[in-house]
Amino acid sequence: CCGHEGWPPTCFSFVVFCQSCLLKPSTVFGFGLQQQKNLEGYVGFANLPNQVYRKSVKRGFEFTLMVVGESGLGKSTLINSLFLTDLYSPEYPGPSNRIKKTVQVEQSKVLIKEGGVQLLLTIVDTPGFGDAVDNSNCWQTVIDHIDSKFEDYLNAESLVNRRLMPDSRVHCCLYFIAPSGHGLKPLDIEFMKRLHEKVNIIPLIAKADTLTPEECQQFKKQIMREIQEHKIKIYEFPETDDEEESKLVKKIKDRLPLAVVGSNTIIEVNGKRVRGRQYPWGVAEVENGEHCDFTILRNMLIRTHMQDLKDVTNNVHYENYRSRKLAAVTYNGVDNNKNKGQLTKSPLAQMEEERREHVTKMKKMEMEMEQVFEMKVKEKIQKLRDSEAELQRRHEQMKKNLEAQHKELEEKRRQLEEEKVSWEAQQRMLEQQKLDASRYALVYKDTPELCC
Amino acid sequence: MSEIVPPEVRPKPAVPAKPSHVAPPSRSALLGYIGIDTIIEQMRKKTMKTGFDFNIMVVGQSGLGKSTLVNTLFKSQVSRRSTSWSRDEKIPKTVEIKSVSHVIEEGGVKMKLTVIDTPGFGDQINNENCWEPISKYINEQYEKFLKEEVNIARKKRIPDTRVHCCLYFISPTGHSLRQLDIEFMKHLSRVVNIIPVIAKSDTLTLDEKTEFKQKVRKELEACGIECYPQKEFDEDMEDKSDNDKIREAMPFAVVGSDKEYQANAKRILGRKTPWGVVEVENPNHCEFSLLRDFMIRSHLQDLKEVTHNIHYETYRAKRLNDNGGLHPISSSVPMPIKHTQVMCKPTKF
């Protein structure tokens, strides 16, 4: 710690102190008391942020945003307006245009690039939420989805090889409140009560162009009152030491929940082209701070607090989930879930187990492959045998044919022979006759008295 | 041999002849002014003296502007909210039926207007059967009227608490009807006159409005829901063409407001937003004036008649058939069965 050579060391978590330093008041009063030293030259670690920045830009960012609310509250339009892309377009309409009977969870991913920085944005939508006649437990699907993402991350974190660890946890949940002008509905309260410990909830007043400014103020106050009454913990903006930032944060806090209007249609107003909604009595501008709080939402969500949302998700909500999960397992000692077993062992044992698992997997694969191989071999043999039999048969047949032909030929030859013999016999006879005749002729020539 | 025999006078048949055999009365020209047309004047005087009652029920989720709309329709603070309710009151756990009555007068004509509100409808997490309390209430009113009618000693003028018109508020999602809307209208369109309206329609731009209306009309047709004015009760061609025009424009996209603002040197009812003032009575902005003319200025009497002649009669027939005779559910006067054959209806104006 201080360069003293004294031993034995005493371990305070990760810092090793030697005995003499231990007694110094500065160290006894806790680690927070760091002595600030002035540098005598330029060292250069002020460049650290740049290095981090360069690395992160190369890696790109991920952000998962969940939108929850009844159908027809303008969620898809708002997403399109926020990110200035047509995530939901006429070809791929938003969930409200597709009627759903039960609550489902849908994910859409889009990769946005701006100024060399890449953002992989995942929008999780919940069509069917609050649309049925009986909406009890419509939040269960949402809770299950969030928990499953946490579990995936937990498992990925507990693996031995965790180079690729995609962060698909839900970083922020935008909850859309219908602009009734009265207060929260029982469904809103139930949902927020169940989800405020799992995800950052940012409540929004949807379709805020329904409300006049006075109604809007009253409505916001009513909602905040009810939120406090039911002890719902919505996302809290972090306190900063910076004057400017804290003023900004205060401004945002005063206007919670944000009343938003979404639109991507461009309309001409006083020669300016703005995004807005055209009514017979005027144009409600989306980016006008006096008309609605859209710009505040966008700045907060994207430009200033995106990283903070991710951090809170990681440090607070995820840790809550993790500790609850692990505590439950160690408390019960019985795992109901196959995956839970992985988490109770120390890293070494886990490595051992993973290795064993790996080996068994390999063995299994080998076996399987062998089986497959054998099967194939058998098949081939069978095929060969079949073709052999076939060939044999053909061979037999051909032999028979051949023999038949042979016989025929023999027959024919015999006949021919016979004929030949008979012909020869005949010839001989004829010859003999001729000979006899000629002899007779001779004889009769010589002895004419013998003929007649 | 021919004899002049006076034709035998046939005895008159004991049973009165069927009406179709009676020749229609021949038109005869009047030779002078008799004064038959003053009957209209006489009726008017009578009506003004007795006044008449109208019961309107508003159904919809909380926050859709029902009470504001009723106030705007009758240009006075007649809704439940103005009498006792405060803005911060909690949503009730079950559907309640609250009715508030006022007597309003215009041009010498008195009207007892009853607004029946249904807080808690569609607000819970589980909204199964949230239309049952409403259905029960409507049938109870019919039952009350039936009992009075069937009484031996009838009142001269039976107080009419039956619901003449039910305004159903559709939430302006811009996409389609919600499952709850369809269920409610299916169950109640045969029992009461339903007029669907699109609430808070200043949320929708003109294109969205027309699209939404078309979708709603298509869905209502697909589910076989008949809203007022029902096609089957059109009496003649004139009625049909009038009602067709109205049916094309339904459901009305309305905006309600009870505050007045200055615009174009006039004081008009409207809603002031940072980008303009929504004028409630401007037909370009919303269809409130259409709804008001339709409901009050032209079809008010028809609403009452359809309720009395059709919905009430259906209920009555069902009750009488079910019980095989009228056994009033709870009555102090015993009912002899002969009374059920009395067919004449009390005259109503």
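Biologist: Leaving aside neighbours within four places in sequence, which residues is A:F191 in contact with?
Modeller: In this predicted model, A:F191 belongs to helix α6 of chain A, which covers residues 186-195. Once the neighbours within four places in sequence are set aside, the residues in contact with A:F191 are A:V68, A:F129, A:W139, A:V142, A:C173 and A:Y175.

Biologist: Does A:F191 count as buried or exposed?
Modeller: A residue counts as buried when its relative accessible area is under 20%. The relative accessibility of A:F191 is 0%, and therefore A:F191 counts as buried.

Biologist: Turning to the two chains, how much area do chain B and chain A bury between them?
Modeller: The interface brings 39 residues of chain B into contact with 44 residues of chain A. Carbon and sulfur atoms carry 53% of the buried area, and the area that the two chains bury between them is about 3600 Å².

Biologist: Which residue of chain B forms a salt bridge with A:E215?
Modeller: Across the interface of chain B and chain A there are 16 residue pairs in polar contact, and two salt bridges are found there. In the salt bridge of A:E215, the closest N and O atoms are 2.9 Å apart, and the partner is B:R271.

Biologist: How many residues on the side of chain B that touches chain A are charged?
Modeller: Among the elements that give two or more residues to this side of chain B are α6 (206-223) and β8 (266-273). The residues of this side divide into ten nonpolar and 16 polar, while the charged ones number 13.

Terms used:
Residues are numbered from 1 along each chain as its sequence is written. Chains are lettered from A and ligands numbered from 1 in the order in which they are written. This is a predicted model: local features need pLDDT of at least 70, side-chain atom pairs count only at pLDDT 80 or more; totals for chains, interfaces and linings use all residues. Side-chain values use heavy atoms; hydrogens and water are left out. Helices (H or I, at least four residues) and strands (E, at least two) are DSSP runs, numbered from the N terminus. Buried means under 20% relative accessible area, exposed over 50%, partly exposed in between (1.4 Å probe, protein chains only). Contact means heavy atoms within 4.5 Å. Buried area is the accessible area (1.4 Å probe) that two parts lose on being put together, summed over both. A salt bridge is a side-chain nitrogen of Lys or Arg within 4 Å of a carboxyl oxygen of Asp or Glu. A polar contact is a pair of N or O atoms within 3.5 Å; within protein, one must be able to donate a hydrogen and the other to accept it, and residues adjacent in sequence count only if both atoms are side-chain atoms. Ala, Val, Leu, Ile, Met, Phe, Trp, Tyr, Cys and Pro count as nonpolar, Asp, Glu, Lys and Arg as charged, and the others, Gly among them, as polar.
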